[in-house]
Amino acid sequence: MTVRTSPTPISFFAPSADNWKLAIFVGVIATLLATLALPAAAAFWVVGVAAALIAAAFVVNAYRRRYYGGLLVAPAIAVLFVMNIFPLLWSLGLSFFAYQSNQQSIRFVGLQNYVKVLTNDLAAEANWYALINTAMFVVFTVSAQMIVGFLLAMLFAKQFPLRRYLLILVLTPMMLSVVASGVFFTYYYDPTFGILSYVMNNLTGQQFILMDNKVGAVAGIVFADAWMWSPFVMLLVLAGLVSVPKYLYEAAAIDRVSAWRQFWTITFPYIRGLLMLALLFRTIEAFKLADLVILLTKGGNDTMTISYHLIRIANEQNKTSEGAAISYVMLFMVIVLTNLYLYLANRRSQGT
Amino acid sequence: MTVMTKMKAFATAAGFAATLMVGGASMASAEEVTLTMAVPDWPPTRIMKKFFDEQYKPKSGNTVKLDVDFIPWPDFYTRVNASLTSGEQKYNFIVSDSQWLGAFVEGGYFRKINDLLEADPDFMATFKSIHPNPLNAYSTYPHKSENYYGFPQFPDVLVNFARADILCHEEEQKNFQAKYGKKLPCTGEELDAMTWDDFRNVGEFFMRKKGDMLAGKPAEDDFYGIAYQAGKGYDFSSMQINGFIWQMGGNTWDETQAPKGQAEGVVNSPEAVKALEKYLDMIQFMPPVAKTGTMDIFKSDELFREGKVAMNIDWIGLGEASLDPKTSKVSDKLVFGQMPGTMGPDGKMIRWSNIGGQPFVLTTWTTDAQIKEAVEFVKWWLSPEIQHQFAAGGGQSAIKSVYEDPKYVTYRPWNRAWAPQLDWQKDVWHVPQFFELLTQQQDQFDLAITGKQDAKTTLDNIAKFQQNLLKEAGLIE
């Protein structure tokens with residue numbers, strides 16, 4: 001086989017199949033023309049073809065210049081683009097239009113949806129209210145899960161009889177479907193059929209109804225959420241705990257270091273990263289809390305979260321673009337929070 | 001591949017395609033037509049599918065298949081809505097709650113059927129034999145206009161489910177008479193004659209703690225007088241409260257009066273406030289779950305079947321389970337009557353109630369060949385013979401000749417309440433803004449039910465919201 005030199009760079013105007021710069025240029029022009037001149041349904045396909053053309057030019061280019069690494073990841077990138085990035089951009093675009101999925105008309109309104117969800121005296125009030133509730137749930141559910149998960153991990157890091165079986169039992173809630181857990185907890189809390197009210201009625205002699213006020217309803221949801229997701233935190237922390245080399249503890253024991261100090265200087269540095277990871281995952285998830293609220297309270301007793309509110313607006317009421325605007329405000333908040341958190345976490349780890 | 005082989009391959013493919021087309025055309029005399037249908041998964045639709053598979057013989061000689069997607073109730077709206085708005089055009093028939101008509105007609109998904117009715121006098125005659133109240137609720141958009149869309153699949157009304165064993169007990173009868181100076185209703189006719197005040201008395205009378213005497217025995221558990229829907233989800237309080245408001249002289253926003261009809265001043269009229277107060281007042285006599293805002297139609301039904309309440313107002317659609325010993329602890333102790341009413345000034349009972357049940361509708365992308373078969377299928381479905389079988393199997397019929405047949409009341413114990421209640425059915429909001437109106441109203445009613453705000457504030461908030469929304473939509477001038 002003769003060694004081929006890679007083809008010389010082609011000029012911008014050469015109509016070659018691997019001229020990706022020209023392809024992008026043509027694609028962008030076609031997209032612009034199509035969106036301006038054609039009806040939306042036809043423009044959609046023109047834009048699609050243009051995107052495919054650009055993608056094809058990249059592939060041919062990679063093949064001719066033998067960027068095989070790039071070629072190998074191309075399918076993954078294509079899937080990511082089609083399934084993930086494209087819908088994301090599409091919904092971002094929709095948030096600038098007045099569009100309802102059950103109506104055929106669409107109209108450009110600029111930032112009006114954002115103005116509405118942030119300042120309109122009816123819509124914005126409901127959004128802020130749901131957002132504050134969500135923040136409350138984030139704080140309560142995440143701290144409950146972190147504490148319980150951490151304590152469980154400390155427990156299971158030790159050896160004791162039946163540990164393996166108990167571990168499986170403790171992990172079960174995480175594997176159950178949320179709907180099953182939700183239905184289970186509605187019965188658990190039910191004042192007529194539920195065991196909680198049964199026990200409390202017998203203890204106090206009074207009718208006990210957990211979910212008829214905000215404190216009770218929030219406590220009920222937080223408990224159910226912690227029940228399901230503490231094992232997840234536990235798993236992560238446990239992985240950190242078992243990775244601590246035994247000899248460190250042995251050396252500490254020889255030096256007669258107190259248990260408290262052993263924890264902070266030996267154990268904690270090993271699990272800190274994983275704790276942070278658990279915190280990050282759970283915070284993002286808690287921000288999206290909707291399923292348990294729907295199952296347990298339907299948002300009653302001041303438990304409406306922003307996610308459930310969003311489901312009602314975007315799915316039930318078909319206010320697609322308003323829903324998209326809320327989603328992007330939410331996304332923005334989550335990104336800011338996550339970055340703030342990562343920044344703080346990094347600063348602390350550099351400080352020690 | 002050379003140019004020649006390419007040409008050959010092309011020719012072969014073209015020939016193959018042509019054969020297929022010719023073959024297809026020659027088969028046209030006995031076509032296979034598939035009608036796809038989205039339905040909620042429960043007995044009335046299962047029965048429909050069963051009857052179709054076992055009995056339906058299309059007159060055209062074609063092979064007609066009914067391909068039914070049984071979707072669980074809690075997901076039903078979401079799935080149907082997603083299917084329609086995504087444009088996948090999957091279903092020819094869709095079972096729809098009557099209030100969805102506006103949204104889906106305006107979206108261009110539901111097909112107007114006036115042309116089909118006019119083209120077929122038989123079909124028209126069958127269609128017109130449906131009681132006018134369900135016909136208006138299930139088929140017309142704008143409401144009560146001459147534009148028709150749907151056919152009854154399972155028509156439904158609210159009825160009173162009651163415990164004969166407790167209500168007819170001698171001791172209870174005596175004590176009730178002594179306390180209220182009235183006879184404790186025990187038979188179907190006596191239930192029919194009940195007003196909401198009587199219902200309240202029953203509620204108050206039957207509040208028993210565990211160990212108290214109940215129908216001659218100590219109660220095994222706490223027992224409650226009454227139940228009706230008071231939940232935050234979907235329409236699980238509006239459907240009951242609307243009846244209260246209409247019976248007591250108030251009104252909801254009337255879509256047939258658009259754009260002249262107002263929401264403010266109507267929705268929160270003093271009569272409506274009084275009606276809501278009456279509704280809220282009875283919650284204290286219900287199982288405690290009502291105070292959490294999750295007492296929906298399924299919960300009150302479950303409480304009734306578990307033997308925790310004396311009377312429950314619920315849809316007939318949920319009734320079957322209460323008669324089945326496998327799902328009901330009280331299956332052999334029941335009596336049914338009409339939902340309580342309000343005594344008018346002229347001494348006649350006013351019984352307005354919000355209609356339940358669902359129509360099924362045709363979609364706009366259904367082809368001519370499918371429509372032909374669909375019409376035949378609907379005619380068959382609405383024919384008295386099949387409607388009788390449906391009712392005997394646990395369904396209900398809104399066809400006049402069927403429910404007026406003396407046999408009809410023998411099918412199920414609640415059927416005696418069916419025909420008289422039909423005359424009193426109304427419906428709300430077939431407009432595209434239905435879901436926004438409903439969620440806001442349900443949220444507000446929930447605040448009232450859980451004791452966070454009074455009836456007046458609740459209805460004021462609702463009226464203000466509706467006025468605002470409907471004005472923006474051009475439905476109020």
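Analyst: The dialogue below takes up chain shape, cavities, single residues and backbone features. This is a predicted model, in which local features need pLDDT of at least 70 and side-chain atom pairs count only at pLDDT 80 or more, while totals for chains, interfaces and linings use all residues. Residues are numbered from 1 along each chain as its sequence is written, chains are lettered from A and ligands numbered from 1 in the order in which they are written, and side-chain values use heavy atoms, with hydrogens and water left out.

User: How many helices and strands does chain A have?

Analyst: Helices (H or I, at least four residues) and strands (E, at least two) are DSSP runs, numbered from the N terminus. Chain A has 14 helices and two strands. The radius of gyration of this chain is 28 Å, well over the 20 Å that the globule rule gives for 352 residues, so chain A is more spread out than a compact globule. That radius is taken over C-alpha atoms, and the rule is 2.2 Å times the number of residues to the power 0.38. Along the principal axes, the C-alpha atoms of chain A fill a box of roughly 85 × 60 × 35 Å.

User: What percentage of the residues in chain A is buried?

Analyst: Buried means under 20% relative accessible area, exposed over 50%, and partly exposed in between (1.4 Å probe, protein chains only). In chain A, 36% of the 352 residues are buried. As for contacts (heavy atoms within 4.5 Å), residues 24 or more positions apart account for 64% of those in chain A with a separation of 6 or more.

User: Which residues line the largest cavity?

Analyst: Among them are Val117(A), Trp128(A), Ile306(A) and Met330(A). Helix 4 (112-119), helix 5 (123-156) and helix 14 (320-351) of chain A each supply at least two lining residues, and helix 14 gives the largest share, four residues.

User: What is the volume of the second largest cavity?

Analyst: The second largest cavity has a volume of about 60 Å³. Its lining includes Asn242(B), Ile245(B), Trp429(B) and Gln466(B). The largest share of this lining, three residues, comes from helix 22 of chain B. The division here is seven nonpolar, five polar and no charged.

User: Is helix 12 of chain B enclosed or open?

Analyst: Ten of the ten residues of helix 12 of chain B are buried, so this helix is largely enclosed by the rest of the structure. Among these buried residues are Asn242(B) and Ile245(B), which also belong to the lining of the second largest cavity. Just after the helix, Gly249(B) takes a positive phi of about 90°.

User: Are Glu125(A) and His309(A) buried or exposed?

Analyst: Glu125(A), found in helix 5 of chain A, is exposed, with a relative accessible area of 56%. His309(A) lies in helix 13 (residues 306-316) of chain A and is buried, at 10%. Leaving aside neighbours within four places in sequence, His309(A) is in contact with Ala126(A), Asn127(A), Ala130(A) and Met304(A).

User: Where is the cis peptide bond that involves Tyr141(B)?

Analyst: The cis bond runs from Tyr141(B) to Pro142(B), with omega near -10°. Pro142(B) is in the loop between helix 7 (132-139) and strand 4 (150-156) of chain B. Another cis bond joins Ala258(B) to Pro259(B), with omega near 0°.

User: What phi does Asn301(A) have?

Analyst: Asn301(A) has a positive phi of about 50° although it is not a glycine. At 4% relative accessibility, Asn301(A) counts as buried. Gln89(B) likewise has a positive phi of about 50°, but at 45% relative accessibility Gln89(B) counts as partly exposed.

Technical notes. On a 1 Å grid over the protein atoms alone, a cavity is a set of points where a 1.4 Å probe fits but cannot get out, and a pocket is an open set with protein on both sides within 12 Å along at least five of seven lines; lining residues have an atom within 4 Å of a point. Grid points are joined across faces, edges and corners, and a volume is the space filled by probe spheres set on the points. Ala, Val, Leu, Ile, Met, Phe, Trp, Tyr, Cys and Pro count as nonpolar, Asp, Glu, Lys and Arg as charged, and the others, Gly among them, as polar.
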